[in-house]
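Hello,

Here is the structure I promised to pass on to you.

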Amino acid sequence: MALETKKTFCRMCSAYCALDVDVEDEQVVAVRGDKSDSATGGYTCIKGRQVGHQLHGPQRLRSCLKRQADGSYEPISSEQAMDEIAERLGGLMEAHGPDAVGSYQGTAGFFNSATHAMLHAWHKGIGSSSVYSTMTIDQPSKIIAVARHGLWGGGGHTFASADVALSIGNNPVISGLTLPGGIPGFNPVKRLNDAKKRGLELIVIDPRRSESARRADLHLQIRPGEDPTLLAGMLRVILDEGLHDVEFCNEHVEGIDELRAAIADFTPDYVERRAGVPAEQMIEAARLFAAGPRGSASSGTGPDMAPHPSLTEHLISCLNTVCGRHNREGEALTNPGVFTPPLPRTAQPIAPALLPPFFGFGKGRKSRFRGLYQLFEEMPTATLAEEILEPGEGQIRALMVVGGNPAVAAPDSCNMIRALESLDLLVCIDIAMSATARRADYVIAARHPFEREDATDFTDPFYEEPYAFYTHKVVEPDFDVLEDWELFIGLAKRLGSEIELAGGAIDTGAGATKLEVLKRIRPETRVSYDEVRAKSGGHVYEDQVLEVAPPIPGIEARLQCAPEGICEELREVRGEPIAAEQEGAFTHLLICRRLRHFQNSVGQDFPQSQEQGGTTNSAYMNAVDLEELGIGSGDLISIESDQDRIVAVAEATDEVRSGVVSMSHCWGDGDLEDGDVRKSGSNTSRLVATDRDYDAITGMARQTAIPVAVRPA
Ligand SMILES: Nc1nc2c(c(=O)[nH]1)N[C@H]1C(S)=C(S)[C@@H](COP(=O)(O)OP(=O)(O)OC[C@H]3O[C@@H](n4cnc5c(=O)[nH]c(N)nc54)[C@H](O)[C@@H]3O)O[C@H]1N2
Ligand SMILES: Nc1nc2c(c(=O)[nH]1)N[C@H]1C(S)=C(S)[C@@H](COP(=O)(O)OP(=O)(O)OC[C@H]3O[C@@H](n4cnc5c(=O)[nH]c(N)nc54)[C@H](O)[C@@H]3O)O[C@H]1N2
Ligand code: SF4
Ligand SMILES: [Mo]
């Protein structure tokens, strides 16, 4: 067959780079960035360019598999697999109730436009609320911040129009992660360079001189985990010096005086002692940010994996609000969303009480652990292993893993592995034999993104323009695979349960096309799926740009600077001993990071990624520390936390200060013991405890700034 070039977008990370893909005989033979695409402009990374390997390489799952008594796997048809799985799920639910059936959705699940909604609808249909996802081991505190602070109807300042951007523990140059107002992950270097050319001042707060920090005008190299202290100090400077937007605050904000009192003791000297940022530098950053006049503070995973993440995120909201970084009446809302409902966007606060139930916390089903509750209609993932292992009412006995790899991703991963291995039934739908799949009773071969239709609905709010892309399939596999959500239709049909979506029920007997499913998930969109689907490639729907409307009269809401819990937690933080001044067994802090060549556990087996990025997740440390330990780059070290110990390969870097170890996650092949670290890396999640040092609202474990002792191995 002739060579054909097709347009699609990469779904390996949330940068969703637009691609031109050469296809011959249903094989991807070449992948290039689509230069004509207005969102990503031809940008791709080394991971995305190896998508052909991910699709057609020897590791690709080409059949569903069933685990045999001796631990080996035999191929099984998807129909037969669903028959058997449904039978076992039915039996377990009859014996133990529906909550005994749980699910965990991972990152790849979010990159399939239909999976998240279908998974939730399937769970509602069987009556089980045991839904878990990466949302609660990633940045749940961002949603909690909205729930406590409230939201501005007219949206916040975008990066494109910013004079200043404050980026806290976010490295979009590598991660591609876009957060509102932050450096866009879509073609990040170009967007950052363009912004700097027009005068943007970039402030980065990061313990590592990251690829983004290197490009900053001001880099505050904070001690890991001290963001609440530093941000409280910056807010104090802004409020003390009267640099805030007094008019906006008087009209729309509540609790500033209480906040002011709670941060009074976060003096520049205290911040310097505790967070390791020189007082003058902190003051300069506060003044620079407040000067604006446009621009936002935003954060990534760094501060959200550290202690007090929900407090940190609240302080970030406060920084934006007291500086009035919200669009006013008549200003342009450059991206109201394309796949969002056509609701009015008004210049007024939306009070927490008026937000949809999704934002609620501290209610719903109560976890059996740590007094935690359901969040975002899910249970907190930091409790999943315990919910599986602990006998009693609500114990999970069957788990469906969808586009995720909890064996290496979950906090306290050894406990997670024990939990996965103890299940009555583990089903994993994946495109390859992941560390989790290798423990499953049934492995369902999933459709690869290039074998699916998908839309940019997941990234819809994050573009700077009303951009959308609906991709058709690039290739059709000649083997038996399912889309993740087709598994749920198949199981619902066999169990006789329903799948009810916002726009109506799915006929589980007849099945549905992807387009039908998407329309039912989001029945009201600004631009219809049909219209977006009819276009080849990505498109900007310029007529969707809105002017922020006048406030709806009669709604008296204010943004909250001191909602319940905030001032108390600030005082708690202020009362803590200064970690840097304590003597103890733990001499270093291990921080999280992303690696250019790998996406969590994905890509560790890609040939070019291995060639350029290696086959391990090195422990990056300052050369002074290595010398003190008497070890060199490439030597094995032992890293011990109060939870566990791992072996890792040390690597010298001048990007972190003495006392810091920077190391990526999701490596190590799911070993309970030290595996071959040089060949498969080591799993930092083994060092993470779930039952100490967790966020009281989200249960988020301390996945960065982990106190560790480092020794030669
Ligand atoms: N210590 C520590 N722990 C962390 C983090 C950290 O920084 N430090 N980060 C946390 C964060 S932010 C996250 S998001 C999680 C990641 O947690 P997970 O999402 O659970 O981990 P991934 O490795 O991304 O798993 C993706 C899986 O999906 C599969 N896959 C790829 N494409 C498809 C597809 O199209 N369909 C299906 N069905 N499967 C597919 C891949 O083969 C892989 O097995 O880890 C968290 N854990
Ligand atoms: N190449 C690549 N891209 C990815 C991924 C990947 O694994 N590889 N994973 C994807 C996923 S699941 C996610 S959630 C996103 C995450 O996207 P980002 O949040 O941008 O992820 P990182 O690049 O790890 O950036 C986090 C930064 O926080 C810093 N940091 C660590 N601890 C602290 C702290 O205590 N305080 C502060 N202020 N900073 C701290 C780290 O040094 C690091 O530079 O990336 C996604 N994109
Ligand atoms: S940054 Fe790389 S992995 Fe992410 S979408 Fe773009 S090409 Fe794919
Ligand atoms: Mo993530």
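**Pockets and cavities**

Helix α21 gives the largest share of the lining of the second largest pocket, 4 residues (helices are DSSP runs of H or I with at least four residues, strands runs of E with at least two, numbered from the N terminus). That pocket has a volume of about 1000 Å³, and of its 47 lining residues the closest to the centre are Glu226, Ala579, Leu589, Arg702 and Pro707.

A word on terms: on a 1 Å grid over the protein atoms alone, a cavity is a set of points where a 1.4 Å probe fits but cannot get out, while a pocket is an open set with protein on both sides within 12 Å along at least five of seven lines; lining residues have an atom within 4 Å of a point. A volume is the space filled by probe spheres set on the points, which are joined across faces, edges and corners.

This is a predicted model, where local features need pLDDT of at least 70, side-chain atom pairs count only at pLDDT 80 or more, and totals for chains, interfaces and linings use all residues. Residues are numbered from 1 along each chain as its sequence is written, chains are lettered from A and ligands numbered from 1 in the order written, and side-chain values use heavy atoms, without hydrogens and water.

The largest cavity has a volume of about 190 Å³. Among its 21 lining residues, Cys13, Cys17, Tyr43, Cys45 and Lys47 lie nearest the centre. Helix α6 (residues 172-175) supplies the largest share of this lining, 4 residues.

The second largest cavity holds about 50 Å³ of space, and its lining includes Ile646, Asp671 and Arg686.

Best wishes
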